[in-house]
Amino acid sequence: MSDGLLLVMCVLGSYRLARLVTVDTLLSPLRNWFLRRSGTVMETFADLLTCPWCFGVHVSAVLVAAVWASIGLPLPALWFAAVPGGQALLASIDARLNVDE
């Protein structure tokens, strides 16, 4: 697989996972459970689970680390910047288009 195609797949995969957790109704019970809890740790998780950009950085890092560990990546430090950047760009476009409303 070419590096460009792998990069696009990582960006799209991290975007989809971040959207699934932070926006889609499928996991809204999980988000709501954290939102109802109080305490510093629970509030931090609630903030993370409701912010596509915040959660996307974490998802992207885990995804890039998994790909790097399984098949290797050229210049992995650039991948750790490029994948979250692409995911954030897609999330921004999604937010501006108001897809959920």
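This is a predicted model: local features need pLDDT of at least 70, side-chain atom pairs count only at pLDDT 80 or more; totals for chains, interfaces and linings use all residues.
1. Now look at the partner of Phe34. Trp33 and Phe34 form an aromatic pair, with 4.9 Å from centre to centre and 90° between the planes. That makes the pair edge-to-face, because planes over 60 degrees apart are given that name. Is Trp33 buried or exposed, or in between? Trp33 has a relative accessible area of 32%, so this residue is partly exposed. Ring pairs also bring in Phe45, linking Trp33, Phe34 and Phe45 into a cluster.

2. How many aromatic pairs does the count come to? The answer is three. One of them joins Trp68 and Phe80, again edge-to-face, at 6.1 Å centre to centre and with 75° between the planes. This pair links distant parts of the chain: Trp68 sits in helix α4 (residues 52-71) and Phe80 in helix α5 (residues 76-97), 12 residues apart. Trp68 counts as partly exposed, at 43% relative accessibility, and Phe80 is partly exposed as well, at 31%.

3. Stepping back, here is the overall picture. The secondary structure consists of five helices and zero strands, and reading along the sequence gives the pattern α-α-α-α-α. The C-alpha atoms fill a box of roughly 45 × 30 × 20 Å along the principal axes. Of the 101 residues, 33% count as buried. Among contacts with a separation of 6 or more, 62% come from residues 24 or more positions apart.

4. Which residues of α1 are buried? They are Leu6, Cys10, Val11, Ser14, Tyr15, Ala18, Arg19, Val21 and Thr22.

5. Next, see how α3 meets α4. Their axes come within 5 Å and cross at roughly 90°. The two helices are therefore roughly perpendicular to each other, a term that applies from 65 to 115 degrees. On the α3 side the contact is made by Leu48, Leu49 and Thr50, and on the α4 side by Pro52, Cys54, Phe55 and His58. These contact residues divide into five nonpolar, two polar and no charged.

6. Finally, follow Leu49, which lies in helix α3. With a relative accessible area of 8%, Leu49 is buried, since that is under 20%. Which residues does Leu49 touch, leaving aside its neighbours within four places in sequence? The contacts are with Val21, Thr22, Leu30, Arg31, Phe34 and Phe55. By contrast, Leu49 and Leu73 are 24 residues apart in sequence and 28 Å apart in space, C-alpha to C-alpha.

Key: Residues are numbered from 1 along each chain as its sequence is written. Side-chain values use heavy atoms; hydrogens and water are left out. Rings of Phe, Tyr and Trp (its six-membered ring) pair if their centres lie within 6.5 Å; planes under 30 degrees apart count as stacked, over 60 as edge-to-face and the rest as tilted. Buried means under 20% relative accessible area, exposed over 50%, partly exposed in between (1.4 Å probe, protein chains only). Helices (H or I, at least four residues) and strands (E, at least two) are DSSP runs, numbered from the N terminus. Axes are lines fitted to C-alpha atoms, for helices over the stretch in contact, and angles run from 0 to 180 degrees between N-to-C directions. Angles under 35 degrees count as roughly parallel, over 145 as roughly antiparallel, 65 to 115 as roughly perpendicular and the rest as oblique. Contact means heavy atoms within 4.5 Å. Ala, Val, Leu, Ile, Met, Phe, Trp, Tyr, Cys and Pro count as nonpolar, Asp, Glu, Lys and Arg as charged, and the others, Gly among them, as polar.
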